[in-house]
Amino acid sequence: MRRIGLIGGMSWESTATYYTMINRAVRRSRGGLASADILLHSLNFSKVVELQKADRWDEAGALLGAAGAGLTRAGADCVLICTNTMHLVADEVARLARVPLIHIVDETAAALKADGRRRPLLLATRYTMEHGFYAERMAAHGLDVVVPEAEDDRAAVHSIIFGELCQGEIREASRRRYLAIIEAARQRGVDSVILGCTEISLLIDPDKLCLPGYDSTAIHAEAAVRFALSDHAMDKAA
């Protein structure tokens, strides 16, 4: 079993979900008392958010990159950034970590394409929805990503993530708001929904939507387990 390095804490609510999902998948595969070989560097999220708000992405990349390099020195065979938004600095993290970085956008794109999806709705932080890094990487996989059309809907998605989900708050009114946004997008012709923030699955069930849902957290965690348990993992990630 290869050792999985997690850069987490962004937020710790979703990092706990990663830890649970990865270990459950390893147990299903290996049985008995098997669990994953994991190293976790949990960052202080308030520091990361401060850099996000100030548009200091170079510093954020250095911060996460240092965490990735530390995981590599400690013996990690791969690195995951346990959040969608901070994949904005994934190239820098991969450069400093010097081990395969399992990219959440690529893995989510592969899941969508395997099911024949072409025009997904993206629900995420405003950084992920409005910055070009996510849509451009999805476009390279042949996917046309759509975000909520109304600015106040995008603002609501973002504020619910940071103001509630990242702080462990689950509100029925927020669930209804998300579902209404998804329904509006369905009427615009999208064919699926990406839960593109690792906390969103705490609020809505991707299997109980009006469109096929794709939980990026679960997809990312499953990719890590495939890497850890595959004899050819290093070749696949190269």
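**Exercise 1. Find which residues of helix α8 are buried, and what covers them.**

Solution. Start with the list: D153, R154, A156, V157, H158, I160, I161 and F162 are the buried residues of α8. Keep in mind that this is a predicted model. Finally, check the helix length: α8 has 13 residues, and its first and last C-alpha atoms are 18 Å apart, close to the 18 Å expected at 1.5 Å a residue.

**Exercise 2. Work out how D153 is paired, and which parts of the chain the pair links.**

Solution. First, a reminder: side chains of opposite charge can pair when their charged atoms come close. Here D153 forms a salt bridge with R177, with the closest N and O atoms 2.9 Å apart. The pair links distant parts of the chain, since D153 sits in helix α8 and R177 in helix α9, 24 residues apart. Now compare each partner with the cut-offs. D153 has a relative accessible area of 18%, so it is buried, because buried means under 20%. R177, at 31%, is partly exposed.

**Exercise 3. Describe the salt bridge between K47 and E50.**

Solution. Begin with the distance: the closest N and O atoms of K47 and E50 are 3.9 Å apart, and the cut-off for a salt bridge is within 4 Å. Then consider position: the two residues are three apart in helix α2, so about one helical turn separates them. K47 is partly exposed at 34% relative accessibility, and E50 is partly exposed at 41%. Last, widen the view: K47, E50, R56 and E59 are linked in a network of salt bridges. The whole structure has 15 salt bridges.

**Exercise 4. Characterise the largest cavity.**

Solution. Count first: there is one cavity of 30 Å³ or more. The volume of the largest cavity is about 70 Å³. Then go through its lining, which includes M10, F45, Q52, I161, F162 and E199. The elements that give two or more residues to this lining are α2 and α8. Sorted by class, the lining has seven nonpolar, four polar and one charged residues.

How values were computed:
Residues are numbered from 1 along each chain as its sequence is written. This is a predicted model: local features need pLDDT of at least 70, side-chain atom pairs count only at pLDDT 80 or more; totals for chains, interfaces and linings use all residues. Side-chain values use heavy atoms; hydrogens and water are left out. On a 1 Å grid over the protein atoms alone, a cavity is a set of points where a 1.4 Å probe fits but cannot get out, and a pocket is an open set with protein on both sides within 12 Å along at least five of seven lines; lining residues have an atom within 4 Å of a point. Grid points are joined across faces, edges and corners, and a volume is the space filled by probe spheres set on the points. Helices (H or I, at least four residues) and strands (E, at least two) are DSSP runs, numbered from the N terminus. Ala, Val, Leu, Ile, Met, Phe, Trp, Tyr, Cys and Pro count as nonpolar, Asp, Glu, Lys and Arg as charged, and the others, Gly among them, as polar. The expected span of a helix is 1.5 Å times one less than its number of residues. Buried means under 20% relative accessible area, exposed over 50%, partly exposed in between (1.4 Å probe, protein chains only). A salt bridge is a side-chain nitrogen of Lys or Arg within 4 Å of a carboxyl oxygen of Asp or Glu.
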